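User: I would like to learn how to read charged pairs and a metal site in a model. Where do we start?

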Amino acid sequence: MSKNKSIIKTGWNLDHSYLQLPGAFYTRLNPTPVSAPTLVLFNDPLARSLGLDADALDGEEGAAIFSGNHLPEGAQPLAQAYAGHQFGHFTILGDGRAHLLGEQITPSGERYDIQLKGSGQTPYSRRGDGRAALGPMLREYIISEAMHALGIPTTRSLAVVTTGDPVFRETVLPGSILTRVAASHLRVGTFEFAARTRTIDELRSLADYTIQRHYPGVETSENPYLGLLQEVIKRQAVLIARWQLVGFIHGVMNTDNMALSGETIDYGPCAFMDTYSPDTVFSSIDHQGRYAYGNQPYMGAWNLTRFAETLLPLLHPDQPRAVTLAQDALAEYSALYQRHWLEGMTAKLGLFTQETDDESLVQELLKMMQDHGADYTNTFLVLTFAETENTPMSDTTEFQQWLAKWQARRARQEQPIAAAQKLMRDNNPAVIPRNHQVEAALETAWKENDPGPLHRLLAVLEKPYAHTPEQAAYAAPPAPNTRPYQTYCGT
Ligand code: AMP
Ligand code: MG
């Protein structure tokens, strides 16, 4: 009876399918308690969709649970083992500062990992302190929720707490924990860990588990492991195309940061591009531009190749045959990516139909944006709302010629102009989480102890395709003389 009461009270319904994997894939351990947990952000609608009692959790009880001080009903915390290629170099990693509490089964029967990030050291911490600072956790909350609102597959953020304990980085910062909700935390790096350090049977268990959890449709196919590879490739092609369409730069596309579910994961040095330029990099540690905006599709292919390599022993007993199967699957990626990207781009231009010259129409526009330092998001808004005098390219003949060509192209489709404008509104966000605005909101929230601007920013990011008057204020790009924005990793 008392057990039922507690389930009714907060709605936890945790399952632990990950524990069915061989023991080498995880270590069971509890989060390290913190001194004085305080709930800073709580995602009420997300909590409700998970079947949690949002009212009961939005306060002290939530602070205790989302800090790791109290385990929710049925939790069996663990840290996951994985590996990864970081900037091209293989390393053994694992959750160095995260604890999976369990998998919440929602009222509609979906399964979501509930993970604390910044919750203390684990056997995989290497030299890290297992902790996280408030700024980056708030940033992950804002950007992951903005990505979700933009319609892009992503892990979600349920809560941010401060711990009451300092963390020591370049300066002393307030300690914090983020509660992350994910379809799973299976990564390309989880397979690299299995392939490099475990037996083939253990690798197979992992592959079977991944299929069961994310791709049950391939279970009955002739070669389910090839099916798994093909499906992961498809989802990544779609995901990265969608990043490109909104100007999202992940910043650290290491193989441990590529989720097999096809969700965007691990918001570290990520940021949205303002001025269009394919070589845009924000991360302070990405000196070579490996993860620059324009490189993301290629890095996706690179990571998928690492994934395919791990599957070779499962694809076919004859290695050359396995390699051919993997190569054929990988060869599909660029066409899949290109198709999704072009479909998205033409929708941004209000085009319902396809014509052979559409890609050059898009490329010409992008080239002009780059040459004239135009803002990526706002250029599409200017086209959407026919305010074409408002771009740095407006006075150029090439832009005027391009506009004429685009309008003629739009007129060649049977859909009325109003339908094209609606398509554009639905595909061109009024607002993205711009770095300068995110930083300003974080600064006020955390240094001046005023969460008002942060909540207002979160509210305008919730419906990016609404195009409300309040959103217009957030569309402003940074002042031209602002020093190039840099983001920092792993803090
Ligand atoms: P990331 O750059 O966030 O993908 O992290 C790379 C690896 O470093 C992962 O294995 C993390 O768990 C680990 N890591 C990052 N920060 C810390 C920290 N403060 N303490 C322990 N491990 C960490
Ligand atoms: Mg990571």
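Analyst: We start with burial. A residue counts as buried when its relative accessible area is under 20%, and as exposed when that area is over 50%; partly exposed lies in between. Keep in mind that this model is predicted.

User: Is E140 buried or exposed?

Analyst: E140 is buried, because its relative accessible area is 1%, under the 20% limit.

User: Which side chain does E140 meet in a salt bridge?

Analyst: The general idea comes first. Side chains of opposite charge can pair when their charged atoms come close. Here, E140 meets K117, with 2.8 Å from N to O. The two sit in distant parts of the chain, 23 residues apart. E140 belongs to helix α5 (residues 134-149), K117 to strand β8 (residues 111-117). K117 is also buried, at 8% relative accessible area.

User: How many salt bridges does the whole structure hold?

Analyst: A search finds 28.

User: How do I read a pair within one helix? Where do E231 and K234 lie?

Analyst: Check the spacing along the helix. E231 and K234 both lie in helix α8 (residues 224-246). They are three residues apart, about one turn of the helix. Their side chains form a salt bridge of 3.0 Å, N to O. E231 is partly exposed at 23% relative accessibility. K234 is partly exposed too, at 39%.

User: What separates R339 and E343 in helix α11?

Analyst: About one helical turn, because R339 and E343 are four residues apart in helix α11 (residues 333-348). Their salt bridge spans 3.7 Å, N to O. For R339, the relative accessible area is 46%, so this residue is partly exposed. E343 has 37% relative accessibility and counts as partly exposed.

User: Which residues do salt bridges with shared partners join into one network?

Analyst: D15, E103, R111, D113 and R213.

User: Now the metal. Which protein atoms are donors of the magnesium ion?

Analyst: The magnesium ion (ligand 2) has N257 (OD1) and D266 (OD) as its protein donors. They lie 1.9 to 2.2 Å from the ion. Water is not among the atoms, so the site may look incomplete.

Key. Residues numbered from 1 in each chain as written. Chains lettered and ligands numbered in written order. Predicted model: local features only at pLDDT ≥ 70, side-chain atom pairs only at ≥ 80, totals over all residues. Heavy atoms only, no water. Donors = N, O, S within 2.8 Å, 3.2 Å for Na, K, Ca; no water. Salt bridge = Lys/Arg side-chain N within 4 Å of Asp/Glu carboxyl O. Buried < 20%, exposed > 50% of the residue type's maximum accessible area, 1.4 Å probe, protein only.
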